[in-house]
Amino acid sequence: MAVRFVMIGGFLGAGKTTTLGRLAKMYAAQGKRVGVVTNDQAHDLVDTNTFRNQGLAVEEVPGACFCCRFDDLVSRVGSLQAAERPDVILAEPVGSCTDLVATVVQPLKDLYAGQFEVAPYAVLFKPSHGTRILKNQQAGGFSPKAAYIFKKQLEEADAILINRADELAPQQQTELVRLVGEQFPGTPVLKVSAATGEGFDALTELLSQTGGFGRKILDIDYDTYADGEAELGWLNATARLTAAAPFDLDALLTAILAELASVCRDLGGEVAHLKLIGMDDAGAFAVGNVVSNDTAAKLSLPSNITPREADLIVNARVAIDPAVLEAEVQKVVTAACARAGVGAEFRTSQSLRPGRPVPTHRYAKAKN
Ligand SMILES: Nc1nc2c(ncn2[C@@H]2O[C@H](COP(=O)(O)OP(=O)(O)O)[C@@H](O)[C@H]2O)c(=O)[nH]1
Ligand SMILES: [Mg+2]
C-alpha cells in the first residue's frame, strides 16, 4: 500500500517542527504509524533530536535540501518503511527552500506513484517576518531577495496556515487573512496554532484530501533564489557540557539563547531562527528558540533537570557572515557555561552559506 506523504513547508522558524510533532501525535492517536524525515543544509540537526526525543522514528537528509537530494529523500523513506511500516510520512523541508512542488511533489507523484500518496502541500506563514514582508516594510529585516523566497514559498502552497494564532490579536488575524488573501488569491487560508492545537482538526481534514493538489509550479528566478539563500549564515555545532556539580539546564539554555540573540542584534544580523537542544544521557531534553530580532528567547520545551553532563546542539540561521556567527556562538556558549560553572567542549562545528540549489528533478509543468 502507498504511504501517505505529508510535507509541511514554511520559512525558518515558522513552526514546521512543532506542527509536525503535533500532527504525529494526532495520527498516532488514530492508530496510524508515523515516520518523520528531516532535512538541513548541514549535519547535527536540533529538529531530528527533537522528534527522536518525542519518541518518533526519524531519518534525516543532511547536506542540502530535499530537492537537491531527492534520491536520498526516497531512500530515507525506504529505510523508515523497512523498519517501521509507517502509514504516514511527515517531511520537514529546509526553511529557506522553495520550488518544492516542481522538484519534490511532482517527481514523487510521477516517478513513485504506486509508493507515495502525496497530501496537499500546506505552508506555514510566519507572522513575525511575514507581516512586514507582505506589507513591504524593509523586507521584514531581510534583504528583498530573502523576502522573495518567503513569498515564493507561499505562492506554491495548496493551503496557507497562519501560525501562532494564539499570539495574534483578533484584528491582527483579520489583517493577515486579508493580506494573504490579496497576495495569494484563491489559496485556502487556515488560522492555526501549533502551540495550542487550534485549527488542527481543520488542518488534518485538509491534509486528508485527495485530488488536484501539488500542481502550482512556480515561475521562479533561481539566481534571486540562490542569492537570497546565500545571504543567510548557517551554523550547526555540538558541544559536550560537563560540570562538577549539577546545573540548571533550562536556565543555561535560556541564557545562551538570550545572549546569542543580543549579539546578533548588535551585529545587525536579522535572526531567521536560533535553536538549541540540551539533552542528558537519560533522554531528558530541553529545546529553545528565537525566531526573529523582535521575538523573545523562549524555551519551547523545558526539561526541568539539573544534570552534571549534557549534550548541546546549536543550529543558527542568521543574516550575517557564517564565520562570524560560528565564532560568536562558540564565544557565547563558552562564556555562558563558564558563568554557570560548566565546561563546554565543542565536538563539531559547521558554518556555511547555502549553496546554489540544483534540483535533481524539476518539472516545468504539472504532470499529475
Ligand atoms: N506561540 C507560539 N509559538 C509557536 C507556535 N508554533 C511554533 N512556535 C514556536 O516557534 C519556534 C519555532 O518553531 P519550529 O517548529 O521550530 O519552527 P520551524 O523552524 O519551522 O521548524 C519554537 O519556539 C516554537 O515553540 C505557535 O503556534 N504559537
Ligand atoms: Mg524545524
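Which domains each give at least three residues to the shell around ligand 1? Both domain 1 (3-228) and domain 2 (233-352) do so.

This is a predicted model, in which local features need pLDDT of at least 70 and side-chain atom pairs count only at pLDDT 80 or more, while totals for chains, interfaces and linings use all residues. Residues are numbered from 1 along each chain as its sequence is written, and chains are lettered from A and ligands numbered from 1 in the order in which they are written.

**Figure 1. The shell around ligand 1.** Ligand 1 is surrounded by 22 residues, of which Gly15, Lys16, Ala195, Asn289 and Ser300 are the closest; a residue is near a molecule or strand if its C-beta atom, placed from the backbone, lies within 6 Å of it. Two or more residues come from each of helix H1 (16-29), strand S10 (271-279) and strand S12 (298-301). Helices (H or I, at least four residues) and strands (E, at least two) are DSSP runs, numbered from the N terminus. With 3 residues, H1 gives the most to this shell. By class, the shell holds 5 nonpolar, 11 polar and 6 charged residues; Ala, Val, Leu, Ile, Met, Phe, Trp, Tyr, Cys and Pro count as nonpolar, Asp, Glu, Lys and Arg as charged, and the others, Gly among them, as polar.

Figure 2. The protein chain is divided into domain 1 (3-228) and domain 2 (233-352), with bounds from an automatic or database domain assignment. The domain centres, taken over C-alpha atoms, are 25 Å apart. In the contact, 16 residues of domain 1 meet 26 residues of domain 2; two residues are in contact if their C-beta atoms, placed from the backbone, lie within 7 Å. On the side of domain 1 that touches domain 2, helix H2 (46-53) and helix H5 (127-134) are the elements that give two or more residues. H2 gives the most, with 4 residues. This side of domain 1 has 5 nonpolar, 10 polar and 1 charged residues.

**Figure 3. The packing of H10 and H11.** Helix H10 (residues 249-266) and helix H11 (residues 322-339) pack at an angle of about 140°, and their axes are 9 Å apart. Axes are lines fitted to C-alpha atoms, for helices over the stretch in contact, and angles run from 0 to 180 degrees between N-to-C directions. H10 and H11 are therefore oblique to each other; angles under 35 degrees count as roughly parallel, over 145 as roughly antiparallel, 65 to 115 as roughly perpendicular and the rest as oblique. Leu252, Ala255, Ile256, Glu259, Leu260 and Val263 of H10 make the contact with Glu328, Val329, Val332, Val333, Ala336 and Cys337 of H11. This contact has 10 nonpolar, no polar and 2 charged residues.

Figure 4. His129, Gly130 and Ile133 of H5 meet Ala147, Phe150 and Lys151 of H6. The axes of H6 and helix H9 (residues 222-230) come within 8 Å and cross at roughly 110°, which makes H6 roughly perpendicular to H9. In this second contact, Lys145, Ala146, Tyr148 and Ile149 of H6 meet Thr224, Tyr225, Asp227, Gly228 and Glu229 of H9. The residues of the contact of H6 with H9 divide into 4 nonpolar, 2 polar and 3 charged.
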